[in-house]
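Visitor: I am new to this structure and would like to understand the words used for it. Could you show it to me and take my questions in turn?

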Amino acid sequence: MSAARPDLTALALAQARQALWLSSPNPRVGCVVCDPAGNVLGQGHTQRVGGPHAEIMALRDAAAKGHDVRGATAYVTLEPCSHHGRTGPCCDALVEAGIGRVVASIADPNPLVSGQGFERLLAAGIEVEVGPGGAESRELNLGFFSRMVRKTPWVRLKVAASLDGTTALEDGTSQWITSEAARADGHAWRARACAVLTGIGTVLEDDPQLDVRLPDAPRQPHAVLVDSRLELPLAARILRPDRKLLVYAAIADAQKQAALEARGATVILLPGPGGKVDLAAMLRDLAQREVNELHVEAGHKLNGSLVREGLVDEFLVYLAPRLLGPGRGMASLAPLGELSQAVQLQFQSAEPVGPDLRVLARIPGRGAF
C-alpha cells in the first residue's frame, strides 16, 4: 500500500473547512477522490443537514466530470458513516462506486458509526488507512466530538473588552468597545456555532437579536436564553419566527410560558439551587437537541456562573487598544485568597483583527476527550 499523500489530505481538510458554517449538527467533513497517480477526480464537503455527505458530493463531482472511480482512493477527513440517519451509509456508497482504498483522518466518535464504517469497508475488500490529518479534523469538529463523547456541547465564551478587561461601563454601556472589524469577526464565530446563548440581563439591557449578520451566512444558529423567572418581554427582538429560541427557566409560570410558546419559543424548566437554572443540566439538554458548539455572549454574571461551575471550554476575547477603568469585567468571580486559585488557561492563538486583538484561550485539558 502506497503512502498517503499529505497534499491530498490537506485538500480534503480544505473541503471540510468549507462546511464550517453549513453542516451543523453534522460534522464538517471533506472528501477527495483521486486516481493511483494522485490526480484529483472529484471532491466535496458535507452539505446542510439532511443533504449529501462529503463522500457523496465527491463521487457526484467525479461522475459529473466523466471520471471512472473504480480502484480510486478516497481521502476523507472522518470515518465514512455506516448507519441510516437522515441519509444512507456513505461506506456503502464507496463500496458500490468501486473505490479501492480509503484514507481517513480519524474515526467517527458517534457510537452508531465508530469503527463500523471501517469494518464494512474492509469486509468489502477496500484498503483502509487511518490517521493522516487526524488532529486537524478533530479540532475542526470539537463540538461534534464533545457532544458524542461528553454528551455536552463545546462551550466557547466570547467577550469584547478594553485592554484593562472592562466589558461595559458601570451603567451597562458597551456599544461599541471594539471595532467594526472585530464585530464582523465575532459574527463569523457565531456562524459556526449550533446555538448562541445569552442571559435575561443582556436581553433586558440591550435587546439583542443574537443572529448572524453576514451576507454569505447559509444558516442561523439557534438562540438560547437563560431566564430563570421568565422575564422575557414578548416584544423582545430575540423572539423571531424564522429561528428556534430555547428558553431555560427555573420557576414555572404557566401563563407566561404559554405566551412565549405562542410566539414560537420552547420553554424548558431546569430548576437548580437558589432559584437559578441548572446550567450543567442545560448543557446536557442542549446536546440532546444536537447542539455541538455553544457560543456564549452574555453578561458578567452569567459568564461568572458558567466559569465557576467549570462549564466553559474556551474563551474568545477581543481586546480593544483602550483603557476604560472601573466598570463591568469579563466574568463576575469571587475574590481569590491566593494566586494558585486562579482559573488557568492556555493560549491557542492571538491575532490582530482590525485595530483590536483576538485571543483564543482554552482551559487546559479540554478537547482531550
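Visitor: How close do the axes of helix α2 and helix α3 come, and at what angle do they cross?

Guide: This is a predicted model, in which local features need pLDDT of at least 70 and side-chain atom pairs count only at pLDDT 80 or more, while totals for chains, interfaces and linings use all residues. Residues are numbered from 1 along each chain as its sequence is written, and side-chain values use heavy atoms, with hydrogens and water left out. The axes of α2 (residues 54-64) and α3 (residues 90-97) come within 9 Å and cross at roughly 25°; axes are lines fitted to C-alpha atoms, for helices over the stretch in contact, and angles run from 0 to 180 degrees between N-to-C directions. Helices are DSSP runs (H or I, at least four residues), as strands are (E, at least two), numbered from the N terminus.

Visitor: Why are α2 and α3 called roughly parallel?

Guide: Angles under 35 degrees count as roughly parallel, over 145 as roughly antiparallel, 65 to 115 as roughly perpendicular and the rest as oblique. The crossing angle is roughly 25°, and α2 and α3 are therefore roughly parallel to each other.

Visitor: Which residues make the contact between α2 and α3, and what classes do they belong to?

Guide: With contact meaning heavy atoms within 4.5 Å, α2 contributes Glu55, Ile56 and Leu59, and α3 contributes Cys90, Ala93, Leu94 and Ala97. By class, there are 6 nonpolar, no polar and 1 charged residues in this contact, where Ala, Val, Leu, Ile, Met, Phe, Trp, Tyr, Cys and Pro count as nonpolar, Asp, Glu, Lys and Arg as charged, and the others, Gly among them, as polar.

Visitor: What is the area buried between domain 1 and domain 2?

Guide: The protein chain is divided into domain 1 (8-140) and domain 2 (151-362), with bounds from an automatic or database domain assignment. About 1100 Å² is buried between them, carbon and sulfur atoms giving 46% of it; buried area is the accessible area (1.4 Å probe) that two parts lose on being put together, summed over both. On the domain 1 side, Trp21, Ser24 and Pro25 lose the most area to domain 2, together 55% of what that side buries.

Visitor: Which kind of peptide bond joins serine 24 and proline 25, cis or trans?

Guide: The bond joining serine 24 and proline 25 is cis, with omega about 5°, and proline 25 lies in the loop between α1 (6-17) and β1 (30-34).
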